[in-house]
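Open the model in your viewer and keep the selection panel at hand. The stops below follow one after another.

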Amino acid sequence: MSKKLKNAIIFGIFILILFISTLTDRVSTTTLWSLSEGISSEFGGLLFKDPTEISNLSIQRSIDKSEGDEIIKYDVAFSFQGEESSLRILGTPVRQIFFNNQLIPSHSIVKLKGGYDNINSKLFNEKLSLREYYKKANNYEFVANSQIRLPLENREDPYSFTIYYKPRDLVYRGDNTLSKLSTFITNARVDKFTNSQKMGENENPTFSESGFYINAQELKDGAAVSRISLINNATYVIFIVSVLAVFALIWLDRKSLSKLYIPLFMLIILTFYKFLGLGVSTSMVLLLLPIIAFVGICLAKLMSKETLKLSSKELKQSLGYTIVFFIIMLIVVIIPRAL
């Protein structure tokens, strides 16, 4: 067997070990990306029993920071002309809703059925600017629940009230909030929908689907998104260049360059998971990656030898390199997570 073929096989074994390591549950996209769940994962909005009887529907969206957290506020007004009817308020409001004229709502938890899957599909596949990030998290789609049912009766005065919802946060690595997402949907014709705050870098996709009017809003941290994109792009470049450099060294087969295998293998380990869009847990960094690094260093040493055997001295050197790699991981990964 030629040395070039031997080294190519060894490098293939190293890459295979890295791919096998992704099978553990300590490696996943959800380690990097998460979306707030619970009431934040519900659609907000109004579902009318007979939307044709609704007119002059106006909605004003704003952000309320009076209690510290950012809460999405919807001031709703509409006219109803018809016989007795009702509407359901979608989602779970985070503050009490005050209804005028002694209207008494009823409370019952209902999971709604209809075209909500189509709304989610269009929202997360076409409309949201950060859609590729949202889809990396578990249970990224909105759910259609309702807890409040309001009776409607014919009257001259318009109905008006305010609904407060908690926005849905897209979080990177558990502590960096990249966006706050809110979605208001209704099956009635909307005459006026306004946002009181300036959009800036934010997005406000509006569309119709399955008989619903949908108005979403992404409040983005543009600087954080750009920083993550820059880091990811740099990681992709480093990984690809490192892999190509290993193949170049195999092809050149020069003893003077064989010492480069070890640092290149370490760079590949450091960038491999990010290249695949995966995150690694802290336990993975502390336990499994040092083992993979030790095996990788041993394989790198074999690539500089004519034989497939390492001496005890070389094994000790591999252990020393592994300790250096572990220290680098502590500085680059573990300490920043703890801060």
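**Stop 1: a serine in a helix**

Select S318: this residue is buried, at a relative accessible area of 0% (buried means under 20%, with a 1.4 Å probe and protein chains only). S318 belongs to helix α7, residues 312–338 (helices are DSSP runs of H or I of at least four residues, strands runs of E of at least two, numbered from the N terminus). Beyond its neighbours within four places in sequence, S318 touches F294, I297, C298 and K301 (contact means heavy atoms within 4.5 Å).

The model is predicted: local features need pLDDT of at least 70, side-chain atom pairs count only at pLDDT 80 or more, and totals for chains, interfaces and linings use all residues. Residues are numbered from 1 along each chain as its sequence is written, and side-chain values use heavy atoms, without hydrogens and water.

**Stop 2: helix α2**

Now select residues 116–127, helix α2, where Y116, I119, N120, L123 and F124 are buried. Viewed down the axis of α2, these residues lie within an arc of 105°, so they line one face of the helix (the arc is taken from the directions from the helix axis to the C-beta atoms). They pack against β3 (44–48), α3 (131–134), β11 (176–186), β13 (206–209) and β14 (212–220).

**Stop 3: the lining from α7**

Return to α7, which gives the most to the lining of the largest pocket, with 6 residues. Elements giving two or more residues to this lining are α4 (222–252), α5 (261–275), β15 (279–280) and α7.

Note on methods:
Buried means under 20% relative accessible area, exposed over 50%, partly exposed in between (1.4 Å probe, protein chains only).
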